[in-house]
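Here is a friendly briefing to keep beside the structure.

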Amino acid sequence: MTEISTSSITETKKFNIDTVEHAAKTPDTELPWAELGLKRNEFDEIVKVLGRRPTGAELAMYSVMWSEHCSYKSSKNHLRQFGEKVTDEMKKDMLVGIGENAGVTNLGDGWAVTFKIESHNSPSFVEPYQGAATGIGGIVRDIISMGARPVAVMDPLRFGAIDHPDTARVMHGAVAGIGGYGNSLGLPNIGGEMVFDSVYQGNPLVNALAVGVMRHEDIRLANASGKGNKVVLFGARTGGDGIGGASVLASESFDDTKPSKRPAVQVGDPFAEKVLIECCLELFKGSLVEGIQDLGAAGISCATSELASNGDGGMNVELTSVLLRDPTLTPGEILMSESQERMMAVVTPENVEAFEAVMDKWAVEYAWLGEVTDSGRLIITWEGEVIVDVDPRTVAHDGPVYDRPFARPEWQDALQADSFTGSVQDAGRPSAPAELAAAVTELVASPNMCDKSWITNQYDRYVGGNTALAFPDDAGVVRVDEESGLGVALATDANGRYTYLDPYHGAQLALAEAYRNVATSGAVPMAVSDCLNFGSPEDPDVMWQLAEAIRGLSDACMVLGIPVTGGNVSLYNQTGTTPIHPSPVVAVLGKLDDVARRTPSGWREDGAAIYLLGTTAAELDGSEWSNLRGHLGGLPPKVDLEAERALGQILINASRDGMVDSAHDLSEGGLAAALVEASLRYGVGARIALQDVLDRDGVDLFTALFSETQGRAVVSVPRSEEVRFKDMCTARGFEHLRIGVVDAASGQLEINGVDTLSLDSLREAHEATLPKYFG
Amino acid sequence: MTELPLIGEAVAVAAEPRLAGAKIGVVTFPGTLDDRDASRAVRLAGGTPVELWHGDSDLGDVDAVILPGGFSYGDYLRAGAIARFAPLMSKIIDAANSDAKLPVLGICNGFQLLTESHLLPGSMIKNDHLKFICRDQVLRVENNSTYWTGDYAAGQEITVPLKNQDGQYIADEKTLDALEAEGRVVFRYVGFNPNGSRRDIAGISNAAGNVVGLMPHPEHAVEVGFGPESLDGIGGSDTEGLGLFTSVLNKIVGAN
């Protein structure tokens, strides 16, 4: 015991003496840059920037901050389009754009909203519970950093095949982790996605979105200004968890031959985070902080370099002041640690006492680390000896940028030529009434289309008392202002199969669906956040998918008139040389002047007329139906963004003027899925006849039910509103057909040409799937 | 002490002005989550919510106290086991046991806190299925003569949200028999027992009826558009939890 601790202390001491002075004198010392995830050319660049070899501590900082995860070095050149393709319409409500912890959008009445989606994919595969939990923790701290009170979270999840033994491990862990952390924070979980596909087997996607609201005057930014202002680290103590999380975990592919990366996963303490939220809000209320930054990926390295470079440019920090969980940590480890539930703030000397009083009230530990300077240098000392002396911009912003080669894959043409229609898998397409009824039931019981309450019932959707819509409705809706009813709606969507078939249009389809979902709830879409989940950027095929997806998304945002305000890129989601399907998850935020007007996805009013908005084409490639038959090829459904905009306007007006009882968008699973979901939502049946649709659009009944043509929605319109609703659609030149009527007493879904489906049997099929696999 | 910085005061309350004088304290512990919801419920019921901090040394002039839901101190030890030692808790325990019979309602974590403080018998362990569960739950009001249930009809069924991790109510058979015999089982789960609680018990009271604890969340069923009916549409109404709050207000106003 004595021997071990002595030797570790000796080792620590040995590391400590790698001061800047020492580094300058020992240029030839071998440094473990490769183990820290740096490439040779990157290490050489660091030496060039510093004019000497880096110290151990500097190397640690650069290695995490120049990692793919923190520096966006492979995607930066493409991501610029989100900032460049911006119209005045898109800027009008943007208070804070890309680049800060999260973008901020004006809601009116002095309110602002901030939201962001991020990935926590790799940690969630290695250690599902903690990986998913800390994903929530991290995104929530981004929201707090902007000065906002977090008000809701959402989780888009993508797992491997439902029947693969490892899927249950990841699913159980991730869902329990999201619940365990999010429920303890008092944030309602209002929606998300769940997709099973074997392409995600070794690389599940666990994305997390948080949304927060604030008054305009409360917006806070991450910068350290004002010479002499104090720098404080508060919240949890710094430990050895998550060291290298950003560099070695999130920025490399998994490889069976290497040792477990489990120690690189952070461990969450939701109680500490909840206290931190309340404590920060009290600091904001008292205007006690000048700048604030959460500690996420790259920990203190990131917080100090970003705060300093965004402010006056200089900061002095004494690293031994950091409160530690583990006293044997080396300076490099302290700088790299990704211990959760920590924040760094800049406080004026006059506010120090008041700041400490807030900390004491909430029993939050804090340590004054140093102060802001105007030297333009970030100087970190260890017992007074300088171990880091860098220009913070070179760490935080001027990292390497790669123009990675990309090219349309050779196989893309063959893939797109392989249409589902007429394929082997398309043989025996259902057409008889009994076959169609069986097909509808099979669809709604399938892994991707089944009821998700096994997951969502593990999340608190009520806390806060402001949830107006939650899963399974198209969008989650949260009230912001109790007096006026002002609120926000959020939806996240992605379709990896569409994007695989055509990355440019696939990404646009994700945006179109999220936009449609928000409009379906009655909200006016305002802003976008995206989480771009892709394989390795070093593979030109993948890089092409990424480039195309970003180009597609940024072009589509221009047409829809809503800006991207933030997001995250997650690369290296591949096992060996096999990447996941390109999966840009797109979140759209919308605004409702009064959440009382929101539109639910299920019909309730007996006798209401059911309308199908939009036209249907034969678009089965990439659909859920073709997926069920084991086919993936062809071209995804056509994108028509002008039509999406027009449909959105109709849905928003219908909600505002009380013309609809329900609205549900058509997407995966087409009309068949939408009809079943709208009926099961409140257990209210309907009678449907699609002959007019078949005649108008020239499709057969199967296609009408299972095609995934975009720009469509199904709405129920009370009799009293029918004339007004039809007039509105006609005036706007939008195709609409009455396809049926709500039949509350029937307890069944009756579709002409399809054997009648009882709601009980549909519900049983819909709800049995997840419990069957996951208990 | 906790702020409501982002939520405006709800003004559209058609409550009886005579109840507004009644002050209900809502205690915030570190890790409390549903304090603002409980305050809103009091307000919508017509009363005046008063924010109390666990470290406060006195109860001020409140007429009743609500211990709201959440995860005090993270529930890393037994739920409520640490919060039970907060300075304000000893005041609450004394006041509840005094002749003045301070009305106390413990919801979820608050119920766990009441059993930890021995204001109520029994204890709560992890749900029998070992998962967190959030669902709309039908309850039967078994006793409408407590301070918190007077506005309900005996045997009335109400739907309120339930959400917990450690919600399985347990006690020895003798205690359970005594609770049944004395009419101190106040709420019982109907149709589905969501956590394995003994005898489907969802809520109980002390002998005097001024202290009531329950696992489900009546404060999440107080407003049209934000309750069980609107979110899950399983029937019932959005506001069937409001009765607990109006009951105690009427009791207080009646007593004055």
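Predicted model: local features only at pLDDT ≥ 70, side-chain atom pairs only at ≥ 80, totals over all residues.

- Just after α22(A) comes A:G561, which takes a positive phi of about 75°.
- The largest nonpolar core has 323 residues, and those with the most contacts inside it are A:V440, A:L490 and A:L511.
- Helix α22 (residues 540-560) of chain A supplies the largest share of this core, 11 residues.
- Domain 1 (1-66 + 221-398) and domain 2 (413-445 + 599-774) of chain A both contribute residues to the core, so it lies between them.
- In soluble globular proteins, nonpolar side chains tend to be buried together.
- Which residues does A:V440 touch, not counting those up to four places away in sequence? They are A:A672, A:V676, A:L705, A:V754 and A:L757.

**Chain A as a whole**

- Chain A contains 29 helices and 28 strands.
- Its radius of gyration is 27 Å, close to the 28 Å that the globule rule gives for 775 residues, so chain A is as compact as a globular protein of that length.
- Along the principal axes, the C-alpha trace of chain A spans about 85 × 55 × 50 Å.
- Buried residues account for 63% of the 775 residues in chain A.
- Taking contacts in chain A between residues at least 6 apart in sequence, 85% join residues at least 24 apart.
- The centres of domain 1 and domain 2 of chain A, taken over C-alpha atoms, are separated by 52 Å.

**Chain B as a whole**

- Chain B contains six helices and 11 strands.
- A compact globule of 256 residues would have a radius of gyration near 18 Å, and the 16 Å of chain B agrees with that.
- The C-alpha atoms of chain B fill a box of roughly 45 × 40 × 35 Å, taken along the principal axes.
- Of its 256 residues, 59% count as buried.
- Among contacts in chain B between residues at least 6 apart in sequence, 75% join residues at least 24 apart.

**Where the chains meet**

- At the interface, 34 residues of chain B are in contact with 37 residues of chain A.
- On the chain B side, the elements that give two or more residues are α1 (35-45), β6 (133-141) and β7 (157-164).
- Which element gives the most to this side of chain B? It is β6(B), with three residues.
- Sorted by class, the side of chain B that touches chain A has 16 nonpolar, nine polar and nine charged residues.

**A buried loop residue: A:V699**

- A:V699 sits in the loop between α26 (691-697) and α27 (701-706) of chain A.
- Is A:V699 buried or exposed? It counts as buried, because it has 20 C-beta neighbours inside 10 Å, and 20 or more is the cut-off for buried.
- Apart from neighbours within four places in sequence, A:V699 is in contact with A:T616, A:A618, A:L694, A:A704 and A:S707.
- A:I650 is 49 residues from A:V699 along the chain, and their C-alpha atoms are separated by 25 Å.

**Backbone details to look up**

- Most residues other than glycine have a negative phi, and most peptide bonds are trans.
- The peptide bond from A:F471 to A:P472 is cis, with omega near 5°.
- A:P472 belongs to the loop between β14 (467-469) and β15 (476-479) of chain A.
- A:E341 is not a glycine, yet its phi is positive, near 55°.
- You will find A:E341 in the loop between α14 (331-336) and β10 (342-347) of chain A, and with 27 C-beta neighbours inside 10 Å this residue counts as buried.
- In chain B, B:D75 has a positive phi of about 55° although it is not a glycine.
- B:D75 lies in the loop between β3 (64-67) and α2 (87-97) of chain B, and B:D75 is buried, with 21 other C-beta atoms within 10 Å.

Conventions. Residues numbered from 1 in each chain as written. Chains lettered and ligands numbered in written order. Contact = placed C-beta atoms within 7 Å. Helix = DSSP H or I, 4+ residues; strand = E, 2+ residues; numbered from the N terminus. Nonpolar A, V, L, I, M, F, W, Y, C, P; charged D, E, K, R; others polar. Rg over C-alpha atoms; globule rule 2.2 N^0.38 Å. Buried ≥ 20, exposed ≤ 12 C-beta atoms within 10 Å, placed from the backbone. Domains from an automatic or database assignment. Core = buried A, V, L, I, M, F, W, Y, C linked by C-beta atoms within 7 Å.
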